[in-house]
Amino acid sequence: MCDDMNDSGKELDARNLLCPLPVIRTQDFVKNLESGDEFVVRCTDPGAKSDIPSWCRINGHKVIDIQQSEYEVLIKIQVVK
Amino acid sequence: MSKNTHKAISLISGGLDSMLSTQLLLDQGVHVEGINFFTGFCVEGHTHAIRKKDKKKEKRNNALWVAEQLGIKLHIIDVIEEYKSVLLNPVHGYGQNMNPCLDCKGFMVRKALEWIKENDFDFIITGEVMGQRPMSQRRDTMPVIARESGAGDLLLRPLCAKHLPETYPEQQGWVDREKLLSFHGRSRKPQMALAEEMGFKDYSQPAGGCCFLTDANYSAKLVDLWKARGNREYSLDDIILLKVGRHIRPKPSFKLIVAREEGESRFLHGYRYRYKSLTTISHAGPVVLIIGELDAEDLVLAAQITARFSQGRDDSEVTLQLEDSENKKQSVTVVPIKADKVLPEWYV
């Protein structure tokens, strides 16, 4: 699924982590990126589908796409600093 | 933000009190950002994601949600490792269960103090209300938190500030003391009235606070884990698994975690590479993790108990698959144990 979603190649594997750890990993990952960088977070916790976009909204980052299958949620983010 | 705006970090739990105290400071023109510490025991964490029966509930992290309602940034900090020393060696002891509330609050304020120093913020606020919690929010213990955390008069509690000495932000005129409050006691009515006044209609008020360590059943499972292990070490996986399933210990040497529904089965299935697991083949049934060491006789007992929780509980035999952590599988056929043979004292 979603192989065409990540054309930037940067991916954060947050599978098998439960909330809020996917958010914490995303927060830490973004610290090392530049404004305009894009990446995909791959999660198995369905709660990430609301929490990561919420974290992006309050920190000003842009959610470009969200895709969900039975087992995974993929969220594509553009960093805004 | 103007040059003269002072900056506060607010300890955001996701509950109502920290939401209100933050809004009070925002209303005074203070720049506030939120901080939330993840200890591994936070109710806000993983539990909503596991059980399928909770699917209708909106899955959200309330700390993030509160920050979004307030329009502030939130910094979520992983303190799982550092928190172990707080839980294992609390200077001020435990509350009714395994909750080291006073040490915990001191630890979090100390971490917030470190954060404001690193990030050039001016002071710390919390949503504490004097007299609301029996351990950490008393007239005699609130100063202990300020003192032992090192925060001293940089720690401001806007909801009950008028019961406490003036803090540095008040003395400096960064915050108007007259606009702070004097909430006291266990009643939630003043908070609810203020929430209405501020226009907050939706907020979380978890019974017993925001920590699993205040829960008697959870604490019993944690103590059982340590007793069986012979020491008080724990990993994040250990403490997450204490929140999932029925925990049944038929013998001191092993415990079964029996999924209660499909969501939990799916969740436990993800742990099959770390622990032995049992699943029923001949009938529908739960995923069961086996924590500990079993001999051949124990294995039969574990399979019989697993069969008891399957659709084949009243049949003459049930076939199960035992899988070890290296993915080696073997099939076992047993007679399900009778209900009255699953002893009450086995339930942790």
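This is a predicted model: local features need pLDDT of at least 70, side-chain atom pairs count only at pLDDT 80 or more; totals for chains, interfaces and linings use all residues.
View 1. Although N327(B) is not a glycine, its phi is positive, at about 75°. Most residues other than glycine have a negative phi.

View 2. In chain B, D120(B) is placed in the loop that links helix 5 (101-119) with strand 4 (123-125). With 7 C-beta neighbours inside 10 Å, D120(B) is classed as exposed.

View 3. Five strands of chain B form an open sheet in the order 3-2-1-4-5, with parallel pairing. Its edges are strand 3 (74-78) and strand 5 (155-156), each of which pairs on one side only. Strands of a sheet pair through backbone hydrogen bonds, either parallel or antiparallel. In chain B, strand 2 (residues 31-38) is joined to strand 3 by 5 bridges in the parallel sense, and N36(B) has I76(B) of strand 3 as its bridge partner. Helix 5 of chain B lies across strand 1 (7-11), strand 2, strand 3, strand 4 and strand 5 of the chain, and runs at about 150° to strand 1.

**View 4. The contact between chain A and chain B.** Chain B gives 18 residues to this contact, and chain A gives 17 residues. On the side of chain B that touches chain A, at least two residues are supplied by each of helix 2 (47-50), helix 3 (62-70) and strand 3. The largest share of that side, 4 residues, is contributed by helix 3 of chain B. Sorted by class, the side of chain B that touches chain A is made up of 8 nonpolar, 5 polar and 5 charged residues.

View 5. The peptide bond between C19(A) and P20(A) is cis, with an omega of about 10°. Most peptide bonds are trans. P20(A) belongs to the loop of chain A between strand 1 (11-14) and helix 1 (21-31).

Definitions and conventions. Residues are numbered from 1 along each chain as its sequence is written. Chains are lettered from A and ligands numbered from 1 in the order in which they are written. A residue is buried if 20 or more other C-beta atoms lie within 10 Å of its own, exposed if 12 or fewer, and partly exposed in between; C-beta atoms are placed from the backbone. Two strands pair if DSSP finds at least two bridges between them. Two residues are in contact if their C-beta atoms, placed from the backbone, lie within 7 Å. Axes are lines fitted to C-alpha atoms, for helices over the stretch in contact, and angles run from 0 to 180 degrees between N-to-C directions. Ala, Val, Leu, Ile, Met, Phe, Trp, Tyr, Cys and Pro count as nonpolar, Asp, Glu, Lys and Arg as charged, and the others, Gly among them, as polar.
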